[in-house]
Amino acid sequence: MAEYHSTCHPDHLEPLELEILHRRDAFRLPPKAVQDTLVEVFFKWVAPILPVVDRDAFLRQYESAEDSPSILLLQAMLMVASRCSTSEQRSKEYTVSPRTFYKKAKALYDAGYETNLITVVQAVVLLGAYWEGPDAFGRPLHINPNYCTVEPLTESDFVEYDGNAPSEPTGEVQARFFMEYVKLCQLMDLGLCLNLSARSTQDARSAGAAQCELGLNEWLVACPPELHWRQTRHTFLSAILFSTF
């Protein structure tokens, strides 16, 4: 049986706006057992690739009866996790639909329901992983460094916090994976900008392609051995990394 998110609604929304969200089932959640499965799937398969949710902080709220997590963030997490769930993990009484979760989260986002800007950013990053139809497959992720003002990631950025006491890192291999993944996305942007720019000449594209290839070779040489893909020895993270490469 489906559940409804129990929380006090923010004061900045008009009654009509809340009614519209209710009509769109924005606060409706799957049965608790389905939620538990999808949350587990999220942190096992999605979080290593999109590490935007603090596991300790989220689970503390998720398991609390008084301090529930953001409904916008939860719907976004369920949406992206439902892409990774298998038929064995899905409830026979409840249909897990990424599109349904996406529409609920999108309605909450469009209404400006969430006031915590960090939570909004987390949800938007996850919603960006949504696709509908086969045409979306194969689109590479890329990062334009001209739009970035933050310092490069370090392993200390992956230390999660439980209350005021720092906990153990989420995993050295996972941290190294994501740092290498970001580097690949930056190199991907270089190649895409050269191919899509109408102003670039053929000579500029050739020079840029050579620079991109050199960067990829340097990345491959510097990539940590534990993240290398080998046919006889590989992991989920190494497979994701080298499929992007």
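Reader: Why does Tyr 102 count as partly exposed?

Author: In this predicted model, Tyr 102 has a relative accessibility of 21%. Buried means under 20% and exposed means over 50%, with partly exposed in between, so the 21% of Tyr 102 makes this residue partly exposed.

Reader: And what makes Tyr 130 count as buried?

Author: The relative accessibility of Tyr 130 is 15%, and because buried means under 20%, the label for Tyr 130 is buried.

Reader: How many aromatic pairs does the structure hold, and what makes the pair of Tyr 102 and Tyr 130 a stacked one?

Author: The structure holds ten aromatic pairs. In the pair formed by Tyr 102 and Tyr 130, the ring centres are 4.1 Å apart and the planes stand at 10 degrees to each other.

Reader: Why is the pair of Phe 158 and Phe 178 called edge-to-face?

Author: For Phe 158 and Phe 178 the distance is 6.1 Å centre to centre, with 75 degrees between the planes. The centres need to lie within 6.5 Å and the planes need to be over 60 degrees apart for this label, so the pair of Phe 158 and Phe 178 is edge-to-face. This pair, too, links distant parts of the chain, with Phe 158 in the loop between H6 and S3 and Phe 178 in helix H7 (residues 172-196), 20 residues apart. Both of these phenylalanines, Phe 158 and Phe 178, are buried. Elsewhere, one aromatic cluster is formed by Phe 42, Phe 43, Phe 58 and Tyr 62.

Reader: How do you know that Lys 32 and Asp 36 form a salt bridge?

Author: Their side chains meet with an N to O distance of 2.7 Å, and a salt bridge requires a side-chain nitrogen of Lys or Arg within 4 Å of a carboxyl oxygen of Asp or Glu, so Lys 32 and Asp 36 qualify. The two residues, four apart in helix H2 (residues 32-46), are separated by about one helical turn. Lys 32 is partly exposed at 36%, and Asp 36 is partly exposed at 32%.

Reader: What makes Arg 23 count as exposed, and what is its salt-bridge partner?

Author: The relative accessibility of Arg 23 is 66%, and because exposed means over 50%, Arg 23 counts as exposed. Its partner is Glu 19, with the closest N and O atoms 3.2 Å apart. Both lie in helix H1 (residues 15-23), four residues apart, about one turn of the helix. Glu 19, with a relative accessible area of 38%, is partly exposed.

Reader: Which residues are linked with Glu 172 and Arg 176 in a network of salt bridges?

Author: The network links Glu 155, Glu 172, Arg 176 and Glu 226. Within it, the side chains of Glu 172 and Arg 176 meet at 3.4 Å, N to O, and both residues lie in helix H7, about one turn apart. The structure holds eight salt bridges.

Reader: Why is Gln 75 called buried, and what does it touch?

Author: Gln 75 has a relative accessible area of 0%, and buried means under 20%, so Gln 75 is buried. This residue lies in helix H4 (residues 71-82). Leaving aside residues up to four places away in sequence, Gln 75 touches several others, among them Asp 25, Phe 27, Phe 101 and Leu 108.

Methods
Residues are numbered from 1 along each chain as its sequence is written. This is a predicted model: local features need pLDDT of at least 70, side-chain atom pairs count only at pLDDT 80 or more; totals for chains, interfaces and linings use all residues. Side-chain values use heavy atoms; hydrogens and water are left out. Buried means under 20% relative accessible area, exposed over 50%, partly exposed in between (1.4 Å probe, protein chains only). Contact means heavy atoms within 4.5 Å. Rings of Phe, Tyr and Trp (its six-membered ring) pair if their centres lie within 6.5 Å; planes under 30 degrees apart count as stacked, over 60 as edge-to-face and the rest as tilted.
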